[in-house]
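Dear colleague,

I am passing the structure below on to you, together with some notes on what was found in it. Please keep it open beside you while you read.

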Amino acid sequence: MLVSLSPEIALHAWAGEYVAYDRVSGDTRLLDHIAASIIELLLMRPQTPDKVQAILRQQETDMPEEEWQAEFEACLANLLTLGVLRAN
């Protein structure tokens, strides 16, 4: 399974923060640090969740592994549920 940015989503970034705007529903969401990191990786090309997790984990070593993994999985699931990302 690959995850990618949903085509209905427009992004705006400034000062390291991202806002996602859903063109269909009109919803706007402020993305937190981990969500913004996921989005930045997926802007380049679709990736598997495992690949995204491995890349981001190399950058985020301050948090214990289990805690970080739980936060990553929850964030990814939330982005998919909100329609910011889609699974192919």
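The notes that follow begin with the sheet, move on to the helices and end with a loop residue.

Please bear in mind throughout that this is a predicted model, and that the values quoted here were computed from it.

The sheet is an open one, formed by three strands in the order E2-E3-E4 with antiparallel pairing. Its edges are strand E2 (9-14) and strand E4 (28-31), each of which pairs on one side only, and neighbouring strands are turned against each other by 20° on average, direction ignored.

Helix H2 deserves a separate paragraph. Its buried residues are Pro49, Val52, Gln53, Leu56 and Arg57, and, seen down the axis of H2, they fall within an arc of 125°, so they line one face of the helix. As background, an α-helix has 3.6 residues a turn, so residues three or four places apart point the same way. The buried residues of H2 pack against strand E1 (3-5), H1 and helix H3 (65-82), whereas the face of H2 turned away from this buried side carries the exposed residues Asp50 and Gln58.

Gln53 counts as buried because its relative accessibility is 14%, and the cut-off for buried is under 20%. Leaving aside residues up to four places away in sequence, Gln53 touches Trp68, Gln69 and Phe72.

Finally, what is the relative accessible area of Thr61, and is this residue buried or exposed? Thr61 is found in the loop between H2 and H3, and with a relative accessible area of 57% it is exposed, since the cut-off for exposed is over 50%. The C-alpha atom of Thr61 is separated by 22 Å from that of Asn78, a residue 17 places away along the chain.

With kind regards

Definitions and conventions: Residues numbered from 1 in each chain as written. Predicted model: local features only at pLDDT ≥ 70, side-chain atom pairs only at ≥ 80, totals over all residues. Heavy atoms only, no water. Buried < 20%, exposed > 50% of the residue type's maximum accessible area, 1.4 Å probe, protein only. Contact = heavy atoms within 4.5 Å. Pairing = 2+ DSSP bridges. Helix = DSSP H or I, 4+ residues; strand = E, 2+ residues; numbered from the N terminus. Axes fitted to C-alpha atoms, helices over the stretch in contact; angles between N-to-C directions. Arc of directions from axis to C-beta.
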